[in-house]
Amino acid sequence: MLRITENFENGNAIRLRLDGTVSLETFGELTEVCDRHQRVDHRTIIVDMAGVSFMHDDAARRMARMRGESLCIINCSPFIAALLDTFGRD
């Protein structure tokens with residue numbers, strides 16, 4: 001289960017606080033929220049992973065591909081940061 005909390009940082013950025021487990025199923029929910037904000041407002045998206053207890057490999061691979069100019073990932077546990085770095089080099 002994954003809970004996504006949306007908080008506007010300023011006019012140009014939104015912080016998505018994630019709590020729970022990121023799997024392929026829950027990753028779809030995150031993708032929908034990100035698409036909505038990027039499509040409508042072209043906001044910078046900050047994905048705050050402080051509350052993520054576990055992330056599946058497939059979800060980490062997809063999230064690593066999403067990182068870029070308009071999406072940044074912060075507050076990862078050391079395990080999740082290493083996982084994202086591993087898949088970011090693919």
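Visitor: In which hand does α2 pass α3 in this crossing?

Guide: Right-handed: that is how α2 passes α3. Keep in mind that we're looking at a predicted model.

Visitor: What numbers do I use to describe a pair like that?

Guide: Two packed helices are described by the angle between their axes and the distance between the axes. Here, helix α2 (residues 57-66) and helix α3 (residues 78-88) have axes that come within 8 Å and cross at roughly 65°.

Visitor: Which residues make the contact?

Guide: On α2, look for D57, A60, R61, M63 and A64; on α3, they're L83, L84, F87 and G88. Sorted by class, that contact of α2 with α3 has six nonpolar residues, one polar and two charged.

Visitor: Moving on to the backbone, what is the phi of N75?

Guide: N75 has a positive phi, about 60°, although N75 is not a glycine. You'll find N75 in the loop between β4 (71-74) and α3. With a relative accessible area of 43%, N75 is partly exposed.

Visitor: How many disulfides does the structure hold?

Guide: The general idea: a disulfide is a covalent bond between the sulfur atoms of two cysteines. This structure holds zero of them.

Visitor: Are C34 and C72 buried or partly exposed?

Guide: C34 counts as buried, at 1% relative accessibility, while C72 counts as partly exposed, at 32%.

Note on methods
Residues numbered from 1 in each chain as written. Predicted model: local features only at pLDDT ≥ 70, side-chain atom pairs only at ≥ 80, totals over all residues. Heavy atoms only, no water. Axes fitted to C-alpha atoms, helices over the stretch in contact; angles between N-to-C directions. Helix = DSSP H or I, 4+ residues; strand = E, 2+ residues; numbered from the N terminus. Left-handed = near helix turned anticlockwise from the far one by under 90°. Contact = heavy atoms within 4.5 Å. Nonpolar A, V, L, I, M, F, W, Y, C, P; charged D, E, K, R; others polar. Buried < 20%, exposed > 50% of the residue type's maximum accessible area, 1.4 Å probe, protein only. Disulfide = S-S within 2.5 Å.
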